[in-house]
Structure formats: C-alpha cells, structure tokens
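User: I have a model open and want to go through its side chains. Can you take some questions?

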Amino acid sequence: MIPRYARPEMTAIWEPATKFRIWYEIEAHACDAQAELGVIPKENAEAVWKAKDVEFDVARIDEIEAVTKHDVIAFLTHLAEHVGSEEARFVHQGMTSSDVLDTCLNVQLTRAADILLTDMDKVLAALKKRAYEHKDTVRVGRSHGIHAEPTTMGLTFARFYAEMDRNKARLQQAREEIATGAISGAVGTFANIDPAVEAHVCKMMGLTPEPISTQVIPRDRHAMFFAVLGVIASSIENIAIEIRHMQRTEVLEGAEFFSMGQKGSSAMPHKKNPVLTENLTGLARLVRMTVIPAMENVALWHERDISHSSVERGIGPDATVTLDFALNRLAGVIDKMLIFPQNMLDNMNKFPGLVMSQRVLLALTQAGVSREDAYAMVQRNALKVWEERLDFRELLLADQEVVAALGTDGINEKFDMGYHTKHVDTIFARVFGE
C-alpha cells in the first residue's frame, strides 16, 4: 500500500487512529452490556464514554507498547489515562485480545467491502453506458488472437458487465460472510463473559455474532473474502488486456483517453501508451498476491495461534486499498475510452470476407454436400485469402463446385453482416434485463 495507488476514503479505514477508535467502541459497548447484566457498576460503564470524543494518541500507545510488547494492553493503558484508572478497571472484563482484534478486523473489512461495492457500481455503470453506445458497432471477434467471426463492441462491453455483475454478487456474499464478531473470551467458551455481551457489541458494530469461535473468528471466512477480491482483480485484468490489445498500433480499435499535455515516452514524442490498463494488470497481481496467504491462515494451531496476525496486518489494507484504486481507475478508463469503428471494419476486411467461412460451410452441408467435402471446398478458398489477400466471396464465385452447390445468389447471400448481429438484442436483454 503506497500513496500512489491509494484513495483517502479507503486508507482511512486502516489508519491506526481508526483502528483504536473501533477498539474503543467495542470495549465501551461491552461495558454497557456488562453493566446491564449487573456484572460491573453502571457508573463505570458510563465513565468509559468520557473518551467518546478523544483522539487517541497513536504515538503514546506505541510508546506504551514498546514496554508492554502487547498492543491491546498498550491501548487499554492509554484509555485508562483518559478515563481514569479506577473508572476503567472493569474495561475488558472477561475478554481476550482476539475479541477486540478480530471483531475490529471484520468491522474494517465490512466497511472496505461497502466502498468496493460502490466502486463496482461505477464500473458497471460505465460498462453499461458503453455497451449500449456501441451495441451495433461491428468488430471482428478473435479466438487464439486470430480473426474468427463478427461480433459487436457492445457485446464486448456487455460480457464484461455480466462478469463484473457476478463479481458484485460474490462480494456482497463475502461481505455478509465476513460481517461477524466474537466476544467469547479465552478459547471461545464464554466462561468469563455472557454471550449477551457479544450479541450487544455485534449489534452496535453492525455485525452478527460468530456462531462458534475458538479464541479467534474462523479464518475460512477471511480466506473466502480475499479470494473474492482476487477474482475481481482478475476480471479487472481481463478487461485491461482487451483494451491494451485494442490500442496496439496495428489494431487501434480503441484506446485510453490521452489528455492534453500527457507524454507517452521520454524518448519518442509520438507515443500513446496504454499506461493505465498496464497499471491495472500490475495492480491485479498485487491483489491476487494476498489470496494464498489468506488461505494459509485458515490452519491455526488448536484454539488459536497468531501466525495469521502479521499476514492480515499487511493483506487487509493492501488488498482493499489496491482494489479500490484499481476499480476507480478502471471506471474512468472505460468511461473516457476512445472507440474507432472504422478501424474495426478495416481490420475485419484485411482478409476480405474470410469471417464468413463458417456460414458458407454450413450452407454447403445443408445443400447436400458432406461435411468433409464442404470443409475442403471452403478451406481451399480460405487459404488463398490468407496467402494472397484475395477476396473470399470472389474466390467462391469462381469455384464451380461451390457455385454448383449454392448458386451465385446463394453465395452472395452468405455475406450479409446482419446475420451475425441478429441476436444482439436478445443477449442484451439477458445481460441487462431490459
């Protein structure tokens, strides 16, 4: 996580001051619940709220931790400095550090998920807008990087929309799964704290109680969360690579917006490089890098160890901050992206008519020619287009076998572009539900 690839709204979630504020709220709500149960005096619980407007001193907490070697104890000591030692003596009653740490982490992850869901709405809106704008803009579809059959630019945007819409549903599920809290005490048995305390704290923090915790919240939840972030990052790269291909000089069917004053190269003034989408490919790698450690965190010793802790201190902010930045960058790229319809047609016609080969093949089989013979008849003409850049339709019209099977009108009819776009509206209705 570096400032270059970070937005303030997301980084604020992971600031030490935010973390300590969440810790404080967890402890204060726990005190309220304990007082309601009669475990601690109500005046002590009320006294804790004297710190509700305090800006906790991160440097002071670090100073205390340098002695205690324990971050939660350092925070509780600092809290007592504000509340008063006597008033704060019931804070953390019956709790263990993981009650605070894990509940806080899940609060942070749910808040991060809410921002990411908003980001995804921006991406979806941009994709939908461009899909409808270019619903009928014909371009060649490619398989293995080779011209295949005609499609439309709108369908390209629509398939990315559908992919991101699935990702949004996955993230919503991951958010729900991670939004649990645990205030269950040492090894999770509630021996020293009533389950009602957990229920109250979770309600106040926007979480649901973890059905069964040990001394930690089970890490399969976190593994799922980061795995979803990794899938979203891969979808970002999927879109980015398509745009990068379109911007190649010899393709130039689309391009990133090039702003006034922008420079593409320190050496070559003519350059317009796809730097934003190349950056997105790199950022996707960073997000995916967090997935395997999150999965390795699932296996902890017995009721708890802290092998996961150092990992999550890194991957929590790194994955969410990076993905937040990437989604916003992607939305901007799509929204401002330049599209060149004429270049799409020019590219498709570099090998004139060749993209209609399958339709001719099917017509021959329907006319009574065996598939093997039909394939040979089409391919021998198609190869001449590849090798000599001749016109496929003219070659077919000069091939007596093909003419005998289909007739001149039958051949010409197979080169209608509308044949390939006749179901675009059906696909759009499936994707957008409109």
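User: Is Tyr-24 buried or exposed?

Analyst: Tyr-24 is buried, at 1% relative accessibility. Buried means under 20% relative accessible area, exposed over 50%, and partly exposed in between, with a 1.4 Å probe and protein chains only. This is a predicted model: local features need pLDDT of at least 70, side-chain atom pairs count only at pLDDT 80 or more, and totals for chains, interfaces and linings use all residues. Residues are numbered from 1 along each chain as its sequence is written, and side-chain values use heavy atoms, with hydrogens and water left out.

User: How many aromatic pairs does the structure hold?

Analyst: There are 14 aromatic pairs. Rings of Phe, Tyr and Trp (its six-membered ring) pair if their centres lie within 6.5 Å; planes under 30 degrees apart count as stacked, over 60 as edge-to-face and the rest as tilted. In one of the pairs, Tyr-24 and Trp-49 have ring centres 5.8 Å apart and planes at 80°, so they are edge-to-face.

User: Where do Tyr-24 and Trp-49 sit in the chain?

Analyst: Tyr-24 is in helix α2 (residues 16-36), while Trp-49 is in the loop between α3 (42-48) and α4 (58-68), 25 residues apart. Helices (H or I, at least four residues) are DSSP runs, numbered from the N terminus. Trp-49 is partly exposed, with a relative accessible area of 25%.

User: What about Tyr-132 and Phe-432, how are their rings placed?

Analyst: Their centres are 5.1 Å apart and the planes are at 45°, so that pair is tilted. Tyr-132 belongs to helix α6 (residues 97-133) and Phe-432 to helix α19 (residues 424-432), so the pair ties together parts 300 residues apart in sequence. Tyr-132 is partly exposed at 33% relative accessibility, whereas Phe-432 is buried at 10%.

User: Which residues do ring pairs link into a cluster?

Analyst: The cluster consists of Phe-20, Trp-23, Tyr-24, Trp-49, Phe-56 and Phe-75.

User: New topic. Which charged end sits over the ring of Phe-351?

Analyst: That of Arg-389, 4.3 Å from the ring centre. The criterion is NZ of Lys or CZ of Arg within 6 Å of the ring centre and within 35 degrees of the ring normal. Lys-422 likewise has its charged end over the ring of Tyr-419, 3.7 Å from the centre.

User: Last one. How do the residues lining the largest cavity divide?

Analyst: They are 8 nonpolar, 1 polar and 1 charged. Nonpolar covers Ala, Val, Leu, Ile, Met, Phe, Trp, Tyr, Cys and Pro; charged covers Asp, Glu, Lys and Arg; the others, Gly among them, are polar. The lining includes Phe-157, Thr-156 and Glu-242. A cavity is a set of points on a 1 Å grid over the protein atoms alone where a 1.4 Å probe fits but cannot get out, and lining residues have an atom within 4 Å of a point.

Conventions: 1 Å grid on protein atoms, 1.4 Å probe; cavity = no way out; pocket = protein on both sides within 12 Å on 5 of 7 lines; lining within 4 Å. Helix = DSSP H or I, 4+ residues; strand = E, 2+ residues; numbered from the N terminus.
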